[in-house]
Amino acid sequence: MALQTTWPRPFVTCASPDPWYAVFTMLGVAPEILVVEDDSELRQEVVAYLREHCFVVREAGDAATMDRSLKERSVDLVILDLGLPGEGGLSVCRRLAEHGRGPGILIASAQGEETDRVVGLELGADDYLAKPYSPRELLARVKAVLRRTAHVRATAPAARYQAAGLVFDPEQRLLSNEAGEAALLTQAESAILDAMLSNAGRVVAREELAPAGCHGVGRAIDLRVSRLRRKLARLGAPDLIQTHRGLGYLVDRPVPVQ
Ligand code: CA
């Protein structure tokens, strides 16, 4: 399921007759959209309309709120107003597009922002909507961008590991179990788990888990591993990483990669 960028996804059912949605409801997932717009009346309208059409929708009135929201969980598409208070839409667009596998970006620009719209597309936005736009136009653009970005994601999937009933997504640093519980790992914990899982079946020395160029950090690695183990334990896999005293650490089971 190409659009499934975060796991687990909210379960959504929808009675829409559109076959496009039927695919998502059949699988129990729905594309997730973040509407970034400072005009609260317009934002509410867009959010309500998209929800009616079976999308999972979140909203933000400025870039800082958007950042907090995306930190919590990723989305498939950001509808981005260019005229925002604080950090402007173009700057936000540039930041979002820097992540190669970030969300699709649909710019919404008012009259007089045509130049910005072109710059936005050059910066990596996937499409644009000129304000004022009709709900039907919005829906058509949203679907088109989701289709395109789903294709991009399908052709460039990041490795996700499955081990001991857990799924680990190194790119999002997200560890989740079948019960839908999840833990966000720190950069260091994520790098360690990535190294352990990609070397499943062999003992990995502590030195190999240290960042390049760092020496004498054995104790720091041990601490990170024990913090990581606590997160693994909370999600039901306390024994995934075994200690081989004096040698290093081992994940002894084969780890399928999605
Ligand atoms: Ca605005």
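Figure 1. Among the contacts in the protein with a separation of 6 or more, 59% are between residues 24 or more positions apart; two residues are in contact if their C-beta atoms, placed from the backbone, lie within 7 Å. This is a predicted model, in which local features need pLDDT of at least 70 and side-chain atom pairs count only at pLDDT 80 or more, while totals for chains, interfaces and linings use all residues. Residues are numbered from 1 along each chain as its sequence is written. The protein has nine helices and eleven strands, taken as DSSP runs (H or I, at least four residues, for helices; E, at least two, for strands) and numbered from the N terminus. Of its 258 residues, 33% count as buried. Here a residue is buried if 20 or more other C-beta atoms lie within 10 Å of its own, exposed if 12 or fewer, and partly exposed in between, with C-beta atoms placed from the backbone.

**Figure 2. The open parallel sheet.** Let's start with the strand order: five strands form an open sheet, β2-β1-β3-β4-β5, with parallel pairing. Two strands pair if DSSP finds at least two bridges between them. The edges belong to β2 (56-60) and β5, each of which pairs on one side only. From one strand to the next, the twist averages 20°. Within this sheet, β1 (residues 32-36) and β3 (residues 77-81) are joined in the parallel sense by four bridges, and Ile33 has Leu77 of β3 as its bridge partner.

**Figure 3. Helix α5 and its two faces.** Take a look at residues 114-123, where the buried residues of helix α5 are Asp116, Arg117, Gly120 and Leu123. These sit on the same side of α5 because they cover an arc of only 120° around the axis, the arc being that of the directions from the helix axis to the C-beta atoms. Their packing partners are α4 (89-98), β4 (104-109) and β5 (127-130). Glu114, Thr115 and Glu122 are exposed, on the face of α5 turned away from its buried side. After α5 comes Gly124, with a positive phi near 125°.

Figure 4. Gly112 lies in the loop between β4 and α5. This glycine counts as exposed because 8 other C-beta atoms are within 10 Å. Gly112 and Ala130 are 18 residues apart along the chain, and their C-alpha atoms are separated by 10.0 Å.

**Figure 5. The crossing of α7 and α9.** Helices α7 (residues 187-198) and α9 (residues 218-234) pack at about 85°, with their axes 10 Å apart. That angle makes α7 roughly perpendicular to α9, a label used for angles of 65 to 115 degrees. On the α7 side, the contact is made by Ala188, Glu189, Ile192 and Leu193, and on the α9 side by Arg224, Val225, Arg227 and Leu228. These residues divide into five nonpolar, no polar and three charged.

**Figure 6. Two hairpins that share β7.** Strands β6 (residues 161-163) and β7 (residues 166-169) pair in the antiparallel sense over three bridges, with Ala163 opposite Leu166. Two residues lie between these strands, and Ala164 takes a positive phi near 50° in this hairpin. Next, β7 runs antiparallel to β8 (residues 174-177), joined by four bridges, and Asp169 stands opposite Leu174. The hairpin of β7 and β8 has four residues between the strands, and here Arg173 has a positive phi near 55°.

Notes. Axes are lines fitted to C-alpha atoms, for helices over the stretch in contact, and angles run from 0 to 180 degrees between N-to-C directions. Angles under 35 degrees count as roughly parallel, over 145 as roughly antiparallel, 65 to 115 as roughly perpendicular and the rest as oblique. Ala, Val, Leu, Ile, Met, Phe, Trp, Tyr, Cys and Pro count as nonpolar, Asp, Glu, Lys and Arg as charged, and the others, Gly among them, as polar.
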